Every structure is written in structure tokens, then in C-alpha cells.
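Below are my notes as numbered points, to be read with the model open beside them.

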Amino acid sequence: MDYSQFLLMPQEVGLLLVFLLVFIYDTFMPQRSQRALPVFTTVLFAIYTAICFVPCEVGSAFAGMIETNQATWAMKNILNVGMLIVLMQAAKWTNEEFMRVRRGEFYELLLLTLFGMFLMISARHFLLFVIGLETASLPIACLAAFEKKRYESHEAAAKYVFTAIFSSAIFLLGISFVYGIAGTLYYNDIATMIIGQKSTLLVVALAFVIAGVGFKLSLVPFHQWTADVYQGAPTAVTAYLSVISKGAAAFSFLVIMAQVFGAAYSTAWEWMLYAVIILTITIGNLFAMRQHNLKRFLAFSSISQAGYIMLGVIAANTLGMASMMYYVLVYVFSNLAAFGVIAAIERQTGKTTTDDYNGLFKTNPWLSFTMMLAMFSLGGIPPFAGFFSKFFIFVGACKTGSVAVYVLVLIALVNTIISLYYYLLVVKAMFIRQDDCAIPTLKSSCGERAAMIVCALGIILIGLASCIYTSLTEYTAAIANIFSQI
Amino acid sequence: MIFDNILIYFAIVPLLTLGGLALCNNKGIKAIRAVAVTGASVLVALALYLVKLFLDARGAGDTSEMILRSDYMWYAPLNIKLALGVDGVSVVMILLSAFIVLTGVFASWKINPLPKQFFLWFFLLSTGVFGFFISIDLFTMFMFYEVALIPMYLLIGIWGSGNKNYSAMKLTLMLMGGSAFLMLALIGIYFHSAADGNYTMNILEIAKNNAVPQSWQLYLFPMAFVGFGVLGAMFPFHTWSPDGHASAPTAVSMLHAGVLMKLGGYGCFRIAIYLMPYAANVIGPVFLTLTGISIVYGAFSACVQTDLKYINAYSSVSHCGMVLFAILMFNQTAMTGAVLQMLSHGLMTALFFALIGMIYGRTHTRDIREMGGMMQIMPYLGVGYVIAGLASLGLPGLSGFVAEMTIFFGSFEHPDMFHRVFTIAGASSIVITAVYILRVVGKLLFGAVQNEHHRELTDASWDERVATAVLIVCVAIIGCFPNFFVNIITDSFLPVVDALKNAM
């Protein structure tokens, strides 16, 4: 075996190295230094993230099972940055007493799922993809159940594990149909086999694949698990689920669409996705309006955000793909800012409803400010990054030029207004409403503060610094080969 | 370099002011005021200098459509640039905004609570307003437009009065709803901006290419026009305006009615009509009807209101309707009148709201049934109110007369029945305006004193005098020397009118 092939997957290897170091630390270090594990992991991961920004070698390895190109490199870096923020936010929480014996597992499982997501993005063979999918899904169920004493945490884990298994099964069924049609599981070979085919079986296979990934992305109608799991899971895990897990699913879906199904009977998947997007955006929004628990609220808000992310897939062009990656990047920062604030407040007071936030600005101006930035960015208000990402994803979709997509964008735009309403409700609670028994002035930990500062800077700067989007448009050319044939 | 162009400083100065305010201590009200006044004064000075530059350029025979042009690439993949440039209309709008910002700072001299946060949002809003007027790139323009909208939510929500939560949410959602349509229109225009596929966001280039297909114009024009029309308080999308104005704090009402609503009118002609002249010709009459309704309906509604701010808000609907009405007449005279009306209405309404805020701050009521005899109690404010009222009903020598005369002369130029009927209907609003203005003046200023406690109230303090005096002088200057402004404005409409003629 040619071991130099591992050099073509530097990010995965690096991640495994981080995992091993954390594992060794957890296993062999004495009990008294265990409390330093969160800091150790975070610093290690920060170094790893920084190193990953060095441009890597491009090519495919292991007989074409894995491919590394600029696009996957950028996607993984986006996920790395998000992961780093999650680690910073979680550091204080994992040092609490009830986490004492399970601290190491938390980080190991977290790193392993990220490894699975990397495989999903880089895989060019469906078997490897499924391995990645499973690695990325099942440990999250353990993570969701981490607060053993809380009933909701168990419920979340159970719901997650059932839906994860169910969606994997559906996905596998779809893949087996694809195998039946094409006789291969390599992306490239499938793509050449199915170009121009109009078999019904292919449409069914496509539907199953979309459904399978749709569970991970919590697209409507595969979204039912989302709210309960988000609410029940520990906030750090919820943040991870809503941002990293969703981002990875979106990226790998983009890759599959671009490399495999993009050319196949394109109207079939476009119309399926079309309906799913409308449903996702609208239903996510309508349910979010009625939520009082902020974690549930962000669950529905992130459902509707997933709909916007999918606009980049339906665009089926490089501009749309770049916009989608950009959207996920911005979404990482905005959503993690919101979860950072929620986690900080929940850790110290246990309060998570909108009404608890009444008058927060008086007592905790910086927390409220960060939360406001997050809400404005999610709602697409300039000059924050969310405005740019929304605009670009709409531009990407409209580039197709079809009237149907314009109508879709119009629906999405009307939904932005609805979403703005509920995002403003949170802002209103913090800034406008008064409450005599508002949450007292809190002292956030260093990690939480650092995470919030990173998120706030990201929200303000990512939009204004145009170089990020510009370079993303260059990277996506690497995976757009199929879309460009349409 | 980007800093070579004087226009960029209209965005940078408010941002610097923001930074300065952020450094201030929350308790140090004097420092906060000092920073705010400095920032606003620098803006006024810049605006005056810009007028001089513009006059010099035109005097030197520079007949280009926009002066001080420069482009800075921002988002290369989409050809989005920070494109700057001004013509006569933008110059006077910038001048207007600068004055309103300055007087707004004085009008919120004693703002409470959280003065620092108030001025932070206030200057963020100004950044949006100035950015909108200096940029000629669709994306940048739209971005600044939305930057100007969102601070309203918190400004009204935190510092407002009355039913402020409802008003703030309604205003924000309606304006953002309009801008959602606008965004789609802009994307649509962008993808049809050039026949050869080199899409551009630059307004001048799009107008020159004239490549938006007629079938697309018919869809995009209504979206763009309604998008801006919501902000211009066009019937039936005006309902945010009375509630919003009534709940907003004084300076915000001033800035909103004085400047923000002008963004609507400006956008309507700069983007909707200029870039899609064919659809403007076809669909224009529909919107003309709506604006005609705005004018008359707003005026009648003002007649039956008893809350001072509601009276003025409906009066704004009527006057802003006149702006859009004049723009839709598609000739140079009427469009010039529209800009004069924007200036006139901006100053006059700002004056009104400033005075109402000052009266309300003393009497703690805005209901005209509970007040009377203010002329004896606070003669300075009373006289100011009368002047504002006379400007509003179009007394010669003040700004309202000039603007309305120009508009109705221009719109009567149309020989056909449709336009003339609407002109007459629109002109009738002048009479209705006189009814509600004189009713308020008679009751509020010269009626019997309703509440004995009011006798103890004081007249304007120095900061209030500055705010009102500046506005009154401006109203009188426009009324007495309209030619100065007409000369700046009127050439800017030639390209629009030409485009409209060619598209017929």
C-alpha cells in the first residue's frame, strides 16, 4: 500500500492526530490534571485549525474513494472554525461536576463525529460516504444524552438515534437503487451512467437520497425530531448539531448533487427540491414564531435557514455553490453567537425562555449586544454578514434565469420578513421590555467570552471583507464539473 | 485611493461619530452631546462644500450626468462596486439630510434614558441615509437603504411613547417587506443589466445599456416601485407612517419624515423609473392613481385627527404622495417640483415634529382638545408653529408654495384628460391642508387656555431655539430663492425624461 496517499487527506489525518492526543491525555494523565482537558483540547484544536488553512495538495486517493480539492478544503476549514468556537463555548460547561468522569468522552466523540463529516465531504464512493454518515450520526446520540440526570436529554438522544438510523436506512435503500441502475458506487461512474437517463427508478432513488440527507439537514417534512432534540440536548451539543452537523450535511449534499445527480434528469430533483425548500422555509418560520423556549425557537429558525441553504443547491451553478458555502460560514458565526449567549445564560441561571431575557440589556449589555448581532445577522440585516449571505444566495439562485426560481426567491424573501418578526421579538425582549427581576449581571468564562468575540467579529467582518466570498467562488470551480454540463 | 473622493466622507464621518460615541462614558452627557454636535456640524460643512463643488463643476461646463464619480471594486464575482457619484438631486438631498441631522441632534438634547445608545443608533441611521444618496451601485445603495431602516425599530421601541411596541414592529416589518420586493427587483435588473452578459450593478451603466427586456420590466417595475413606495408612504402602504411617527421620539420623527421618506421618492425615480422606462410608461398611471389617492386621503385624514403627531403624519402622507405624484408625471418641471417638495416637506415636517416634541415635553399631551392658548404661554414655539403651518399650506415666500406651484404647473403640462383630472384633484389638497392647519393653529395657539397648569410652562430653551431657527431659516431660504435650488436640480432630470421619451 502506498502510504503517501494519506498526504492527500491532511485534514482528516490531522484531526485523527488531535483525537489520539486527546485520548492519550484523557487515559493516561492523572486525575488532578484532568480539569485542564478542555483547555488542552481547545488549544490543540486551535493549532490544528490554523495549520489547516495552509493550502493542501489536490488530488484523489485510494483508487478514487477520496478526493481532496480546494472546495472540500474550504468546506472542512469552515467546519473547523465552527468546531473551534463550539469547543471554546463548551469548555466551562464540561468542567462542571457532573461531567467529571465523562469529560474525555465528550471531546473524543465530538472529534470523531467531525471526522465522519470530513469523510462525508471528501468521499467519492457511496460506501465511504455511508461510513462517514454513520460515524457522524451515532455518536451525536450519546452526546445528546450527556446530561444524564435530565429527562429531556434522554428523550433527545432516543429521538435522534431513531431518526438517524431510519434516515440512514432510507438513504441506503436509495443508494442500492442507484447501484441497481449504474452498477457502481463511484460518484464519477454513476454520473456518466445516468446522464440523460429518465428511468422512474432513478427518480425514486433520488427521492430516497434527498430524504436521507434531508433528515440530517432537518428539511421539512423530515424535520420532526429537530425541536425536541435541540431542546433536550445540552446546549453545547445543540450548537454543534445545528451548525456543524447541518453544515456538513449541506456540504456533502452539495457535493453529491454536483458530482452525481446534477446531470441526471435534472428537472426531477429540481422540482423535488423546489417543493422541499418552500415547505422548509415556510413551516420552519411559522413554527418558530410560536416558540418561547429559545433553544426550540432556534431549532425552528435553523430549519428555515436550512431551506435558504438549499437555495444554493437548486441554483446548480458555481455562483450558487459559492454562495451556499458562504451562507453556511455566516450561519456558523451567527448561530453560534446566539447559542453562545444562550449557553452562558443557561449555565449560570438555567433560564432559556424569551421572557427570561426581558430587560437583559440593562444587566448584561454585552451578552445582549452579541445576541442582537446574531439575530440581525440571521434575519439578514445589513451591515451584518447575514445580509450579504442572503443576497448572494438569492443572486446565485436567480442566475438560473427561470421564472420558477424567481418565484421561489420571492417566497423566500417574504419569509425573511416573517423571520425578521421573530428575531426582533428576541431583540425586543432584551432591549425594549423592562423587567424588575431581570437576569442578574453574569460573569461569563474566558472561553465563552472569546467565542462571543470571535462570533461578533465574524458577523461584522465577514460581510464587509469581500475577499472571503471572492476566494470561495474560485474554490467551487473544483466540484462544479457536472453542473456545468447541464 | 478611496479616500480621495469627498463623497465617501459622508459615510465615514457618521461612522467616526459612532466610534467617538462608543468611546464616551454612558453618564457623560456633555461629551456625548459634544461628539454628536461635532459630527453633525462636520456633515453640514461637508454638504455645503459639496454644493459649492457641484456649482463649480457645472459652472465650468461639466455636463456629465454625475460628478465626483469613482468606482472601487468590492465583490468582483458579482461585479459589485462601491460606486460613488452625485447629481443635482443627490446634492440637495445630502444638504437636506445634513441639516435635519444637525437639528435632530439639538432636538434630542435632553434625550433620556440611555443618551449614548440613542445617538449611536441615530448616527447609524444617518450613515445609511448618506450612503444611500452618495452611491450609484444597486447593491451598495440597497445595503445603505436597509442600514437606515433597522435602527428605527430600536429608536422607536426604546425611546418612543404611546403604543410604541406595536408601531415599531409594524413600521419595521412593512418597510422590510417593501425592501424584500425591492431586493428581488434589483436581482432581476442585475441579471438583465447587459445584453452581452457582462452584468453590472452600476445605475448609469444599466441605464446606458438599456437592456432590461420589456416583458421583465413589467414585473420588476411594480416591485421596485412598491418597494420604495412603501417608504414614500404611498397609499395603500402608508399605514406604518402615522403609527410610527406618533410613537417615535422627536428627533426620530424628524429624521424619518424629513429624510427617510425621501429615500422612497428618490429611489422611485433613480431606480424604478430611470432603469425601467418602458414599464414606467405602461404602469405609471396605475401608481399615479394611487398617489393621487394618497394626496387627498392623507389630507382628509389629517382633518379628523386630534393627536398633533397623527395630524402631521397624515399630512406627511399627503405631501409625500405629492412627491411620488410629481415624479410620475414624467416631465422635467414636475420632477423638479418633486425634489423641491422633498426639500420643503423635509424641513417643514422636521420643524413640525420638533415643535410638537417640545410642546409635548412640556404639556405631556398631544391631544389638541386638551390644549389651548399656547401663543400666550410659549410665544416662540407658537410663532414657529404658525410658520411651519403656513409653509405647509403653501404661503408664498415659504418653501411649500414654490414646491406645489412647480408640481402643479408641471403636471398640468400634460394635455390629456387623465393627468389633468388628477392634477386638479391633487391641487384641491391645498385647500384641505389649509383646513386642518388653521384648525390646529386656531385651537392650539389662539384658543382659550384649557389647563391652568399650562400657564406655568416655559418657552423654548436655547438648544430648542437653535433647532427651530435653523429649520425656519431654511424654509424661508427655499421660499425666497427657489431658483438657486431649481438650477441645481433641474438638469439632473434630463436623462430620466429622455429615457422615458425613448421608451415610449
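1. In chain A, residues 24 or more positions apart account for 81% of the contacts with a separation of 6 or more; two residues are in contact if their C-beta atoms, placed from the backbone, lie within 7 Å. For chain B, the share of contacts from residues 24 or more positions apart, again out of those with a separation of 6 or more, is 79%.

2. A word on the ground rules. This is a predicted model, in which local features need pLDDT of at least 70 and side-chain atom pairs count only at pLDDT 80 or more, while totals for chains, interfaces and linings use all residues. Residues are numbered from 1 along each chain as its sequence is written, and chains are lettered from A and ligands numbered from 1 in the order in which they are written.

3. Chain A first. Its secondary structure comes to 19 helices and two strands; helices (H or I, at least four residues) and strands (E, at least two) are DSSP runs, numbered from the N terminus. Chain A has a radius of gyration of 21 Å, close to the 23 Å that the globule rule gives for 486 residues, so it is as compact as a globular protein of that length. The radius is taken over C-alpha atoms, and the rule is 2.2 Å times the number of residues to the power 0.38. The C-alpha trace of chain A spans about 65 × 55 × 40 Å along its principal axes. Of its 486 residues, 60% count as buried, a class that asks for 20 or more other C-beta atoms within 10 Å of the residue's own, with 12 or fewer for exposed and partly exposed in between; C-beta atoms are placed from the backbone.

4. Chain B has 21 helices and two strands. For its 504 residues a compact globule would have a radius of gyration near 23 Å, and the 22 Å of chain B agrees with that. Its C-alpha trace spans about 75 × 60 × 45 Å along the principal axes, and 63% of the 504 residues of chain B count as buried.

5. How many residues does each chain bring to the contact between them? Chain A gives 29 and chain B gives 25. On the side of chain A that touches chain B, α16 (385-398), α17 (403-432) and α19 (466-475) each supply at least two residues. The most comes from α17(A), with 13 residues. By class, this side of chain A has 22 nonpolar, five polar and two charged residues. Here Ala, Val, Leu, Ile, Met, Phe, Trp, Tyr, Cys and Pro count as nonpolar, Asp, Glu, Lys and Arg as charged, and the others, Gly among them, as polar.

6. Within chain B, do have a look at how helix α3 (residues 88-107) packs against helix α19 (residues 462-480): the angle is about 155 degrees and the axes are 8 Å apart. Axes are lines fitted to C-alpha atoms, for helices over the stretch in contact, and angles run from 0 to 180 degrees between N-to-C directions. That makes α3(B) roughly antiparallel to α19(B), the label for angles over 145 degrees. From α3(B), B:Phe99, B:Leu102, B:Thr103, B:Phe106 and B:Ala107 meet residues of α19(B) that include B:Val466, B:Val470 and B:Cys474. The residues of this contact divide into nine nonpolar, one polar and one charged.

7. B:Thr433 lies in helix α18 (residues 417-446) of chain B and counts as buried, with 24 C-beta neighbours inside 10 Å. Leaving aside neighbours within four places in sequence, B:Thr433 is in contact with B:Ala299, B:Ser315, B:Ser392 and B:Leu393.

8. Two cis peptide bonds in chain A deserve a check. One joins A:Val220 and A:Pro221, with omega about 5 degrees, and A:Pro221 sits in the loop between α8 (200-217) and α9 (225-232). Another runs from A:Pro382 to A:Pro383, with omega near 0 degrees; A:Pro383 is in the loop between α15 (365-379) and α16 of chain A.

9. Where are the positive phi values that I would look at? A:Phe62, not a glycine, has a phi of about 55 degrees and lies in the loop between β1 (59-61) and β2 (66-68) of chain A. A:Phe62 counts as partly exposed, with 16 C-beta neighbours inside 10 Å. B:Leu68 has phi near 55 degrees and is placed in strand β1 (residues 67-75) of chain B. B:Leu68 is buried, with 21 other C-beta atoms within 10 Å.

Methods:
Angles under 35 degrees count as roughly parallel, over 145 as roughly antiparallel, 65 to 115 as roughly perpendicular and the rest as oblique.
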